[in-house]
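Visitor: Hi! Could you walk me through this one?
Guide: Happy to; here it is.
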Amino acid sequence: MVGEAIDFRYLLLNNYKKLKLSEQDVVAILLIDQLIDEGNPMITADLLSLKMTLNVAEIDLILANLLKKGMIDYVQNWNQTVTTLEPLKKNLYREFQLSLAKEQELDSNKEKHETLNNIYQEFEKYLKRSLSPLEISKIREWISFGYSDDMIINALKEAINKGKKSLRSVDKILLANASRIDKEAEGHSVLSEDWDKTIDETIKIASTPWIDDDNEDK
């Protein structure tokens, strides 16, 4: 569980600005947490005033604002009312998870960008020219289909060895290799079956001029 692995006080100090909490709010929250740990179920302004330089009226305002913002709550526990920081902790853990998700997305995008650049460089090295926008788009499409950079680069090398220098040649090799892998793994080709289901799309792709400079279809 995230709550067990990450100390909410660490998250509080790193995220209180996002939650629009003041430094006084943070001090009050930390003291509330300490007092609860010490066995005080109900945290009042009077109790906090023993540990803070603010007067009772000022602390009352802080507690009221924290309650309005949904950072603390007062709940019934058997026959007594107790103070809880659970609403704040849920907010902090949610912020942490969102931040973690964004970080993972950035890492994924960075990895994808590096993969694409690696493929572009390999193609330009073997083709001895810059790639056209159409070719770049096709390579990005292969990545979105799930082809790895190794699969794409190996297909390029195989096409070059056959004297073919077009992306259409590479496209055919990728499809053939994927079909072979499917057959070896399952005894049939899922990719080929899916490909055959959309005839119009197949015709469209087959007729796309992927700068077919090696005249492979003649």
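This is a predicted model: local features need pLDDT of at least 70, side-chain atom pairs count only at pLDDT 80 or more; totals for chains, interfaces and linings use all residues.
Guide: We can start with the overall fold and then turn to some side chains.

Visitor: What share of the residues is buried?
Guide: Of the 218 residues in the protein chain, 33% are buried. The chain exposes about 13900 Å², and 52% of that comes from carbon and sulfur atoms.

Visitor: Switching to rings: how many aromatic pairs turn up in the whole structure?
Guide: The search finds one. Phe123 and Trp142 form it, with 6.1 Å centre to centre and 40° between the planes.

Visitor: Why does that pair tie parts of the chain together?
Guide: Because Phe123 belongs to helix α6 (residues 86-127) and Trp142 to helix α7 (residues 133-145), the pair links parts 19 residues apart in sequence.

Visitor: Are those two buried or exposed?
Guide: Both Phe123 and Trp142 are buried.

Visitor: Nice. What lies over the face of Phe8?
Guide: That's Lys89, at 5.0 Å from the ring centre.

Visitor: Now Asn15. Where is it?
Guide: Asn15 sits in helix α2, which covers residues 8-15.

Visitor: Why does Asn15 count as buried?
Guide: Its relative accessibility is 8%, and buried means under 20%.

Visitor: Which residues does Asn15 contact, leaving aside neighbours within four places in sequence?
Guide: Leu92 and Glu95 are its contacts there.

Conventions
Residues are numbered from 1 along each chain as its sequence is written. Side-chain values use heavy atoms; hydrogens and water are left out. Buried means under 20% relative accessible area, exposed over 50%, partly exposed in between (1.4 Å probe, protein chains only). Accessible areas come from the Shrake-Rupley method with a 1.4 Å probe; for residues, only the protein chains shown count as cover. Helices (H or I, at least four residues) and strands (E, at least two) are DSSP runs, numbered from the N terminus. Contact means heavy atoms within 4.5 Å. Rings of Phe, Tyr and Trp (its six-membered ring) pair if their centres lie within 6.5 Å; planes under 30 degrees apart count as stacked, over 60 as edge-to-face and the rest as tilted. A charge sits over a ring if NZ of Lys or CZ of Arg is within 6 Å of the ring centre and within 35 degrees of the ring normal.
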